[in-house]
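Please keep the sequence and the structure in view while reading.

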Amino acid sequence: MTSDIPDPSRATPEGASDWWRHAVIYQVYPRSFADATGDGVGDLRGITARLPSLAELGVDAVWLSPFYVSPQNDGGYDVADYCDVDPAFGTLDDFAALENVAHDLGLKVIVDLVPNHSSSEHVWFREALASAPGSPERARYLFRDGSGPDGELPPNNWQSVFGGPAWTRVTEPDGTPGQWYLHLFDSSQPDFDWRNPRVREQFRDILRFWLDRGVDGFRVDVAHGMIKVEGLPDYTPPANGGSMGGGAVGLEPDIESGADDPTPPFWAQEGVHEIYRDWRLVLDEYDERILVAEAWVDPPAKLARWVRPDEMHQAFNFAYLATPWSGPELRAVIDTSIAAFGGVDAPSTWVLSNHDVVRHASRLALTAENPQGHGIGPDSPGQPVRELGLARARAATALMLALPGSAYLYQGEELGLPEVIDLPDASRLDPTWFRTNGERYGRDGCRVPIPWEADAPAYGFNATGTSWLPQPDDWAPYARDSQAGVDGSTLELYRAALAARKAHDLGLGSVEWLDGFGEHVVAFRNRGLTVVANTGEDAVDLPAGTVALASGPLDSRSLPADTTVWLTS
Ligand code: NOJ
C-alpha cells in the first residue's frame, strides 16, 4: 500500500541548499566529549581535535550544548553570560577555531540558546535582587509578592520541573523577607518575563552576536515555555502526573497519557509564536541559518505550529523518542509525524537519545515504567538487559536513519553506550537528584564522558585520567578504537547507515508502507530501498533483495527479532 502522507521533500528540489531538511545532526555535550586541558571536564579545544572523527562518521552538523559562562548548576543550561565562553570550556577564540575546523570539514555548527531563563548569576538577575519591587530591573524576570498574610507563601502552586516549588523567596536589600521569583527549573534558573520588550531586545542581540560569528543555527531550549498565562493562575496537573510531575524537561501530558489534558499555564502558550516570527526575521538576514525547537509538545500536529513557514525550521520529535519498541506504535508515530510536519512544509525530525533521557541502548530494554527525566539507578525497577537493549538500539537506529527528514544523534550512541546505572550517589550532579532528595536519579547516567581509546587514561577522554563523572570499568569494548574497522561493530553500523542514507538520498525521500509482514514489523520503501524492522519476538521472512545494511546477524533469508535490514532490489 502507498501511504498518502505528504512527501516532505516535495517543496525542495534536489540540490537546493536547504541542508537542514535532510541533515543528520550530532549532539555534542561539551563537558563529556573530549577534554584537552585534562581537568576532567571536556572543552572546546578537545572537541575541535575530535571533529575529524565526526566528519568521518558521516554526519552533516554538530549541535553543541551550552558552553557559555555559567555556574554549571544545570550543566550550562544556567547561563550567566550569553556572549562569552565559560573558562572551563575555553575562549571565544577557541570557539572560532572550532567553527573554522568544522566548516573546513563540511560540518555545520549549531549552538544552544537558553531563552526561558538565565542563571541567577546573570548580571540582570543580580541587578534585580539589588533593586526594589516594581523596578525595571525586577521586571526582566517574574517577581511577584507572596500569598498568605505576610507574603510567606509562594504566589501560586506551580512546581519546578526538577521537583519542589517553582518559586523562591528573596531577601530584600534592606534585609527583610521579600518577593518571590519564578523558576520552572532550578532555583538558580530564574525565568525571564518575555512580555518585557527589553528581554526581547536582549535576545535579538544575542542571536546576532552568534550569527555574526558564523554559527549555522540555534537549538532553542524550552521553546514551549517562554510565555506564561497572564495572572499566573494555579495549575493542578492531572492524576497521571501530567507535565509537572512527569518529566525533567516538562513533558506535555499527552505524550505520557494520551489523555486530552488541559494545557498548563506555563507551556505551549500562543504568545511564544510571535517571538519565533520575530527571530525568523533576524535569521533571514543571514544565509541558511536555522532554529530548532526543543518543545515538549504533543501530538506532532500541535508541535508543527512551531515550524510553520515563518517560525522555526525544525522541532525535535519527542513523540518519536517516547515511542516504545513496538511495530504498530512506531508506524503510527511515523505517519502522524510526517503528516503533521509535511502539512506545514517542514521536514520531520527523528531522535532517540539526548542528554536528558535514558540512553536508548538501555531505555528500549526497560521492563518497568520510567518517567522521562527520572533516570535509572541501582534500585530502579525493570533493569534493562544490556544485550537486548543494544540489539534494539541498533535496530531502532537503522530504522530511524532510513526515514525521510532530519535525524539527531547523541554523542556515544554510535558506540552503543548504555546508560550508566551505578554511578556513586556522591558523584551525581543533576539538580533533579538534589531537588527530589534522591527520589529521582536524574540525567547523569547519560552524560558520562565517552570512551575513545580502550587502553588510554579516561578511555582517551583526556590525558590525565580524571573525569567529572566516573566512567565504568567495563567500557573498553565500547571505545571508538575497539570498534573502528571491526565488522559488525556499532560504530561501523552507524558509519555504513549514514553512508547509505546519503548515497540513496533517504533524507529527501518518502515512506511507502509495505504490508504483509505481521503486526510487529515496520516495513516501507524509501527511494528504492526496502526497510524492514522486526520489533516482535519471532523471526520473519525477508523479502527479495540484496542486503545493504543489517543491524544484527541475519539467519539466512529470515530477519530475527530486534533487527532491522535495508535491502536493495
Ligand atoms: C532542556 C535541556 O535540554 C535540559 O538539559 C535543561 O535542564 C532544561 N531544558 C532547562 O534548561
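Which residue in E5 does leucine 64 stand opposite? Leucine 64 is placed opposite valine 111 in this model, which is a predicted one.

**The sheet**

- Strand E2, covering residues 61–64, is joined by 4 bridges to strand E5, covering residues 108–113, and the two run parallel.
- The open sheet is formed by 8 strands in the order E11-E10-E9-E5-E2-E1-E13-E12, with parallel pairing.
- Strand E11 (314–315) and strand E12 (349–351) each have a single partner strand because they stand at the edges, so one side of each is left without a neighbour in the sheet.

**Helices on the sheet**

- Helix H7 (residues 272–283) packs on the sheet, where it touches E5, strand E9 (217–220) and strand E10 (290–293), and its direction makes about 150° with that of E10.
- Helix H15 (residues 490–503) also packs on the sheet, touching strand E1 (24–28) and strand E13 (406–410), and its direction makes about 165° with that of E13.

**The ligand and its shell**

- The ligand is surrounded by 14 residues, of which the closest are Asp74, Arg219, Asp221, His355 and Asp356.
- By class, this shell holds 7 charged, 5 nonpolar and 2 polar residues.
- Polar side-chain atoms lie 2.6 Å from a ligand oxygen atom in the case of aspartate 74, 2.9 Å in the case of arginine 443 and 3.0 Å in the case of histidine 117.
- Taken alone, the ligand exposes 290 Å², and the protein buries 100% of that.

Note on methods: Residues are numbered from 1 along each chain as its sequence is written. This is a predicted model: local features need pLDDT of at least 70, side-chain atom pairs count only at pLDDT 80 or more; totals for chains, interfaces and linings use all residues. Side-chain values use heavy atoms; hydrogens and water are left out. A residue is near a molecule or strand if one of its heavy atoms lies within 4 Å of it. A polar contact is a pair of N or O atoms within 3.5 Å; within protein, one must be able to donate a hydrogen and the other to accept it, and residues adjacent in sequence count only if both atoms are side-chain atoms. Accessible areas come from the Shrake-Rupley method with a 1.4 Å probe; for residues, only the protein chains shown count as cover. Ala, Val, Leu, Ile, Met, Phe, Trp, Tyr, Cys and Pro count as nonpolar, Asp, Glu, Lys and Arg as charged, and the others, Gly among them, as polar. Two strands pair if DSSP finds at least two bridges between them. Contact means heavy atoms within 4.5 Å. Axes are lines fitted to C-alpha atoms, for helices over the stretch in contact, and angles run from 0 to 180 degrees between N-to-C directions.
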